[in-house]
Amino acid sequence: MEEENEYEYKRTKDRSPSPGIKSTAVVKYTAFPSPVSYARLQCNTDLNLPPSNWGAAIDSYGLKQILTGSTPLSSFRMAHMFPDCVGAVDVISGAECIKKLLKLPYQPNGTVSMMVHRVENTLLLDDFDVYDYLMKSEWGWLKDFFYENILKTMSEKERMSLTPPPTHNALQLTHKFLSHSVCVPEAKGPTQGPTPGPYLPESERSEPPNEHLYNRNVLWTFEDIQMLIGSDLPIFGDKDRPCVSLRLRDAREPINVLTGIDYWLDNLMCNVPEVLMCYHLDGIVQKYEPMKTEDLPNMENSKFSPKVVRNVAQNILSFLKYNATKAGHTYWLFKGPHDDVVKLYDLTSLCPDSLDNPFTTPVAMLLYRVARNMRLTNRSRHVRQLLEQAINLLKVERYPQIVASSHYMLADLYVPATTNPACPDFKDESSDSESEDPDFEPTEVTSERDTESVKDETEVFNDDIEDNSGANGDSGDKNESDDKVSDGKISDGKVSDGKVSDGKVSDGKSECGDGDGEKEEKSLALQMRGLALRDIGDKMKKEEDNKRKGSEAKGLGVEPPDRCGHALRHALKGLLALHNVTIDKCKEEERERLKEQILIEEQHPKMANPYEPISMNYEPIKQINKTDKEHNSRSRRRKREKKNSKSEYLIEANSNIDKNAILVRKEQKKLPSYSETNRDDNFAWKLHLKTLLYEKICLAYATLAEYSYAHEQYGFSLKYIDLASKCQKLLSNMIIKSKVVDSSCLIGRVGDNFFQLSKNWHRLEQFKKQFETDHDIDSQIKLEIENDLVEEVEGVLTNEFDLDISLPNSELSSMLACCSYYRLALAATSDKRAELQRRLASVTNELAVRYMNDAQQIYAKYNEEDPQDPKAQLLLKQFNNLSKRSLECLDEASAIFEEVNDVPNLALLYCNKGRYLRFKAHCDQGSFDEKKRKLYNTAEELYLTALKLVGRGDTGGVRELVQWELSCHLYTRAVLMQDCPGSRPNEVSEVAEAFNHALKYCQLTPGPRQYLYQFRAAMIHHRLGSLYHSQYRITSEEGPKRRALLNSARSNYMSCTHMFAALEDASMFLTARLEHVALCECSAAVSPNLKLKSLQTAIELLRQSHSIMQLLKHRDPEDLKDTPKSEDHDEKTMKNEHSLLSLFENRLHYILKSIIQYCRSKSNKDYEKMTDMYKRLYSASLKIKKDDDIRMYAGSICDVLEAMDGICKEFE
């Protein structure tokens, strides 16, 4: 077989042989060279005598094909030769079948008997010799049906017309004429067709010895109809007429219409522009007469309308596509002599359940081959329907390899081999309108036994035809270009005007039937359709949609659980189908033979032959569809395959996909192949298909595990990882070894799940239910894996994927299991250590914090017990053990982060180690001794080291966190030094320095912790004020030191009160303000010369508390409820504020009385005036009304302070 090049038909490619009709033909295959050189015969040449090249001419140029007719299922042979055309063309058939249909309007007494099959969007037409098939015993049911429903309605003459006519002498004369005309008798053997080797089992296709092989296969486009035609027309040519067909005609007989149509269609199908007529008298050549193909419709006595022929083609195609809708069903297109209706019977529905339809297996094999070809060429939109139909039609006991392979391809549709488990990115291929044929209408998935849905579908088709028929039997206007599929109204399984009613031919002859005839006729009506011939040549209406109004096929879906569930279901069915593969020889012998074969292939790889060119898969940069310009509606463009990336894994380095996800090694081919597997080697094929199916199961479970992990379904994730690991364990130990998932990633994801279990321990029951829930598919797959581990694996199993996954019984055990799986994953990999080490260090750090918190709780319990009590001793032992573990985990984590140079995490780990040292110092009760000082100094060094590591350019918030931890550490140390003073000299200055150092790291700029920093700074100032205040009280000597202490205390008190006022913290403001007032009172007591000034300063400080009193006065009680604090804390705060207000009132009264007493002791007039003012102030202060309600109490004080401000203004 050879593919015709473009230049061979360049002259006739762009124009139709018959103007007015769009017709193009492209030769897909030719068995013999064409055109054949010929010579005109001389006049009076006797054609009755055989030529000298009789045998050579017939054998060399395919002239023998004219002697034989087409054989059954010849369309199937063409479909097998060109599976890429199935679904892309409308019809596949022999030329004679097409001509017979197109001549229907001009041959009313003719007989049509054809078999119709539908594969995807393509109709396969074959001649059906009724009498030949009636002789076969397995067609007894057809014999009964034919006799009861057809023969009884015919006369004897009509019955005789059904038998095929014998070969006419004129045909023999034509053979001799063509042989006489051949010039070159040299023979060339037919070339072999391009049938690529399969990646999966080839469909079985038996060819009988008398299989009819067409001279050429042509892709014929007739108007908007594309057909793959098998033609035997001999094509000749010479220098004057390079492409011509030769016809022998009796000079005494005119050419009739049927012969003219026959010549015209033959030339159109093969793109032949001329026909050369040779006229003879009794076999004696008389003359030659050339005629162009476009002139054939206008010959005398044989005129016909090409447009009518076109309309016939469109109407018949529309009729068949409306009604022949079930893939796998066998339809019989029949027209008896004198019938004005072409009837279509669904023989599969009529076939008894106990008998087999002999067409079922060839149809199923073709469906499988087409689907397989579409997967190889990346056309996957309709593969699912084709494979499901093939599986429904085939018996798994007889064709286990084909059924298993079909299930594998279905599983590969749902979960392709290139699926990335972390980001499947599934697309619903049913909506991919760009890459697939928009004209494809999905056929129904119906097995040969499925007859229950026939009635419902029949009604749907009847409604569709009724809506689209365009006219009833009485409204056909011949002057309009009506496009009528049938003669008119079709409803309830009847063609009203087509002489077909309730399954009976009512053309004037007597009806047949008995008492049960009505029931049988009704059943028959549901399986039969009729097409009237009266209007078959009318043009179809442009505005009406002649496509079937069917719902689009349901897509594959986009949700990973659904897609993976379907993939697992098909993979399991494929494994079960392989149980039916029979192995004739001993299994052990077959296993050893296969091992030797694999070993030989590994040791002796295939090398290129230096004397043979290496074929390259070439594709032009820009492909042009030759029919696009003429037939845009028939465009069959397909999307290109995406280029394969060079990465070994599916996750690219610069992608946003989780790098901790399960990685799958990329497949080099979308459909894996087995190196030159013998098709008869059942053992090798079974093992190969089993490997493919388990690879798909492993990939599906890995995808489900990632999906479950991403959706926080950690029980499901662990279960699916367990199943994937069992599957991978089997694949790693079979004869044909395969590795689907990366072991380190799979084991690492187990650790991730255990870590998330510890984080979500409150949902443990939910996770347990998920982990222990087994679907039927999971249980069956697990059973298959266990059986195959015994059957397929020899020797010792590798334990790389031997994971013993069980749910932990405590949160701590979950974290420990997480670390153990991370360490196991580290031992299984060398190229992904850094990421796994980071995860291990992170969990180890979490463990250290957990141990630290547990140790704190145990230490708190220890403090409640008597140190001499045995229970206390046990608690102390547990405390020391947990502290030790915490330190070990911190050291291990820091060592790992240093090894992988993970700066941010290392800085955070230093913070945790600093926290651990603070925790140790806190557990040591007593004063701030050297031991505590050393621990705090070491912790400070760790914090400063972490701060240096992150630097100032950190944008991830790590520096801010480290700085906050350092500030907390310094503040805690200073507070501890102040509250638990030791015996060191200059300890006050050290405490002050510690507070100032902590104040240095309080970032008061806007940020997420601004409020906390401001509050801490205020607390530091308050602490410093209290520190200097206490030192001022105990210092008895008057001098610079005492004055410095007084000024420092005043300064810090003023700073903290301003900050507390800005933070609206009334309690801390009043505490600091009253301490400041107490400082003034102390100064008045120890310095008589400054007593009045100090007391006046204290009164001014109390009067400046007006803003806080306003805050307390107008504070909403609901504000306290909104704050995330306990009710006890709120109650204590309110009591504290109430006592502070009470103390505020007492100090105000006391200081005013003290000033009055001091002024009365003086005799100066200025003091008298001052005494009057403070008396009035004291009198006003007595108006404060004490109340349990803080708002009322503060409001009263606020009113008094305003009154006091007014009195002071009067005395200015």
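## Helix 17 and helix 19

The axes of helix 17 (residues 560–577) and helix 19 (residues 682–710) cross at roughly 155 degrees and come within 9 Å. The two helices are therefore roughly antiparallel (angles over 145 degrees). Their crossing is left-handed.

Helix 17 brings Pro-560, Pro-561, Cys-564, Leu-568, Ala-571, Gly-574 and Leu-575 to the contact (heavy atoms within 4.5 Å). From helix 19, the partners include Lys-690, Leu-693, Tyr-694, Ile-697 and Tyr-707. By class, this contact has 13 nonpolar, two polar and one charged residues.

## Basis of the model

This is a predicted model, where local features need pLDDT of at least 70, side-chain atom pairs count only at pLDDT 80 or more, and totals for chains, interfaces and linings use all residues. Residues are numbered from 1 along each chain as its sequence is written, and side-chain values use heavy atoms, without hydrogens and water.

## Helix 21 and helix 25

Helix 21 (residues 743–759) and helix 25 (residues 833–864) have axes that come within 11 Å and cross at roughly 20 degrees. That makes helix 21 roughly parallel to helix 25 (angles under 35 degrees). This crossing is left-handed.

Ser-744, Gly-748, Arg-749, Asp-752, Phe-755 and Lys-759 of helix 21 meet Leu-836, Arg-839, Val-843 and Glu-846 of helix 25. The contact residues divide into three nonpolar, two polar and five charged.

## Helix 12

Helix 12 (residues 360–376) has 17 residues. From first C-alpha to last, helix 12 reaches 24 Å, close to the 24 Å expected at 1.5 Å a residue. Helix 12 is mostly covered: 14 of its 17 residues are buried (under 20% relative accessible area, 1.4 Å probe).

Note on methods
Axes are lines fitted to C-alpha atoms, for helices over the stretch in contact, and angles run from 0 to 180 degrees between N-to-C directions. Helices (H or I, at least four residues) and strands (E, at least two) are DSSP runs, numbered from the N terminus. Angles under 35 degrees count as roughly parallel, over 145 as roughly antiparallel, 65 to 115 as roughly perpendicular and the rest as oblique. A crossing is left-handed if the near helix is turned anticlockwise from the far one by less than a right angle, and right-handed if clockwise. Ala, Val, Leu, Ile, Met, Phe, Trp, Tyr, Cys and Pro count as nonpolar, Asp, Glu, Lys and Arg as charged, and the others, Gly among them, as polar. The expected span of a helix is 1.5 Å times one less than its number of residues. Buried means under 20% relative accessible area, exposed over 50%, partly exposed in between (1.4 Å probe, protein chains only).
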